[in-house]
Amino acid sequence: MGDWLVNEGPKWFIVGVWLIINVGIFAGTFVSYQQNLDYFYLRLLVGDALCWARASAACLNFNCLLILLPVCRNLISSIRAACSCCHRNVRRQLDKNLTYHRYLGYMICLMTAIHIVAHCFDFEYLVGAYDSPDPAVQAITYLSVSTNGSYVNPIRTPGTDPTQEVFKTVAGVSGVVITLCLILIVTSSTDVVRRSYFEVFWFTHHLFVIFYIGLVVHGLQGIIRGQTNTAIHDPAKCYKRYDKWGSGECPIPQFSGSPPKTWIWVLAPVVLYIIERVIRFCRSLKTVVITKVVKHQSNVFELQMMKKGFSALPGQYVFLQCSSISRLEWHPFTLTSSPNEDFLSVHVRSVGDWTEKLAKACHVDEGEFQEAWKMPRLAVDGPFGTATEDFFRYEVAVLIGAGIGVTPFAAVLKNIWYKYCDVNTEMSLKKVHFFWVCPDTHAFEWFQDLLKSLEQQTYERGNANFLSHNIYLTRGWDTNQAKNIMIHDDDNGLDPVTGLSQKTHYGRPQWDRVFASLAQQHPGVSVGVFFCGPKELSTQLHKLCNKYSSDNNGTRFFYNKENF
């Protein structure tokens with residue numbers, strides 16, 4: 001299993017603390033409502049269902065406070081910049097923001113389910129209280145508003161349908177609305193929907209606005225009613241003496257609804273999120289000019305743009321919006337330009353409705369660049385930080401890209417190239433292992449010149465071993481073709497497919513062997529592994545980083561994945 005704590009320890013420490021807080025809030029609220037005399041009579045009617053409902057509601061408030069924070073991208077980027085001197089394990093947790101966001105979502109779903117079930121029992125018990133064989137229960141249920149001025153049972157008519165009673169309350173209607181919103185948000189967040197129907201995910205996720213409004217409105221009616229005169233009417237002593245209510249010793253109990261508290265929990269994160277959206281909106285209004293469109297193989301095209309005042313670090317990403325396609329849709333793309341270049345660029349693969357429409361709007365298939373006025377109006381929001389920013393913090397970096405997932409490393413390798421061109425620059429980064437898994441020979445043509453330039457620069461600086469690049473072709477060839485290429489290898493030692501000094505591999509990498517070799521090559525070294533690509537391969541690489549992080553030779557593999 002290797003040293004599991006290297007990659008998993010900090011994350012699960014945070015998750016553990018969060019779970020302990022949730023358990024503490026749940027248990028504390030549950031016990032509080034069990035022991036609180038203000039809710040003695042309500043508990044008499046519904047039992048511990050009240051405690052379950054209130055405990056789950058408290059946890060919902062706590063998690064709804066937190067769930068917006070991981071998606072405040074400017075906030076995350078600001079924290080990342082402020083923590084530039086922090087240990088890399090601290091900064092790496094910022095890259096797991098979407099993971100924590102999902103965990104919070106799971107907890108909200110769990111507590112919502114508990115809350116709904118508890119209140120279903122509540123309403124059944126409240127309706128059944130009118131026919132209770134316990135005279136004390138009947139006495140408190142039949143308290144008249146006209147004579148007493150207050151009541152504890154919100155259902156005022158005997159023999160009614162609990163379902164109908166639910167829809168007569170603000171809490172019931174708002175509860176149904178926010179539950180439906182939650183169901184739509186969660187079901188549209190699956191990997192299948194996100195990959196195949198991104199627009200569905202995008203639009204349904206914005207139902208969170210209705211969710212939060214419903215959440216705040218949910219408790220306004222105050223149907224959870226507590227006793228207000230326990231100082232003069234001790235329910236523990238008086239509830240059996242219902243025939244004495246109104247006497248000096250046991251005055252008639254008085255009740256009032258609990259004031260809403262959810263807004264106190266969610267106000268701050270909602271304000272932060274509104275500020276976040278305002279910043280992003282204002283930033284997106286700045287003019288963006290498309291200066292060049294380059295068509296590459298494998299349905300990939302490159303957009304080069306200019307935006308006044310724009311600056312970014314290697315590996316960061318932006319959101320693009322094309323108003324002629326949709327004014328509401330924003331899609332994330334990794335920047336492939338280096339901070340040293342005077343433009344910003346992204347590489348886009350046409351694989352869905354939005355990207356295909358963007359390619360058409362940019363006249364990609366027409367071959368020649370059109371005048372600026374013929375180009376669509378783009379809005380750029382960002383840049384936002386990612387794990388790749390930290391590659392210079394390691395002595396050894398392993399960059400792994402699958403297909404178009406290589407784009408974050410284009411900016412990284414460009415930045416390395418610019419630093420190598422500057423003879424006065426000293427880097428703590430001593431070795432880079434670059435792995436690219438491509439579907440065919442056309443996929444890496446747009447990346448070939450960059451690798452050649454970097455390879456040549458390292459040779460000129462007398463450090464040819466600095467960059468080790470391994471390109472794997474997974475399709476577009478057969479065994480005989482691969483053998484023929486190897487037999488007719490270039491006489492000057494260059495690879496006949498890529499023109500690089502290091503040879504192309506055919507088939508998929510044997511990642512277990514790769515990591516075993518890396519561990520042997522770099523004993524006692526902290527190795528940063530950076531990946532961008534499909535989830536299945538990410539899971540495999542993550543496990544291998546844990547497996548080969550060992551105390552035997554001191555090698556530590558720190559896994560970092562691009563998250564958008």
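Helix packing and cavities

Modeller: H13 passes H15 in a left-handed crossing (the near helix is turned anticlockwise from the far one by less than a right angle). This is a predicted model, in which local features need pLDDT of at least 70 and side-chain atom pairs count only at pLDDT 80 or more, while totals for chains, interfaces and linings use all residues. Residues are numbered from 1 along each chain as its sequence is written, and side-chain values use heavy atoms, with hydrogens and water left out.

H13 covers residues 208–217 and H15 covers residues 262–284 (helices are DSSP runs of H or I, at least four residues). Their axes (lines fitted to C-alpha atoms over the stretch in contact) lie 10 Å apart, at an angle of about 150°. H13 and H15 are therefore roughly antiparallel (an angle over 145 degrees). On the H13 side, Phe208, Tyr212, Leu215 and Val216 take part, and they meet Thr262, Trp263, Val266, Val270 and Tyr273 of H15 (heavy atoms within 4.5 Å). Of the residues in this contact, eight are nonpolar, one is polar and none is charged (Asp, Glu, Lys and Arg count as charged; Ala, Val, Leu, Ile, Met, Phe, Trp, Tyr, Cys and Pro as nonpolar; the others as polar).

A second pair is formed by H20 (residues 511–521) and H21 (residues 535–548), packed at about 35° with axes 10 Å apart. Here H20 passes H21 in a right-handed crossing (clockwise). Among the H20 residues that meet H21 are Trp511, Asp512 and Phe515, and the H21 residues include Leu537, Gln540 and Lys547. The contact of H20 with H21 has nine nonpolar, one polar and two charged residues.

The largest cavity holds about 130 Å³ of space. It has 15 lining residues, and closest to its centre are Leu94, Asn97, Tyr317, Gly385 and Asn563. Helix H4 (residues 73–82) gives the largest share of this lining, four residues. The lining of the largest cavity comprises five nonpolar, five polar and five charged residues.

The second largest cavity holds about 80 Å³, and its lining includes Leu42, His119, Asp122 and Ile223. Helix H6 supplies the largest share of that lining, four residues.

Conventions. Axes are lines fitted to C-alpha atoms, for helices over the stretch in contact, and angles run from 0 to 180 degrees between N-to-C directions. Helices (H or I, at least four residues) and strands (E, at least two) are DSSP runs, numbered from the N terminus. Angles under 35 degrees count as roughly parallel, over 145 as roughly antiparallel, 65 to 115 as roughly perpendicular and the rest as oblique. On a 1 Å grid over the protein atoms alone, a cavity is a set of points where a 1.4 Å probe fits but cannot get out, and a pocket is an open set with protein on both sides within 12 Å along at least five of seven lines; lining residues have an atom within 4 Å of a point. Grid points are joined across faces, edges and corners, and a volume is the space filled by probe spheres set on the points.
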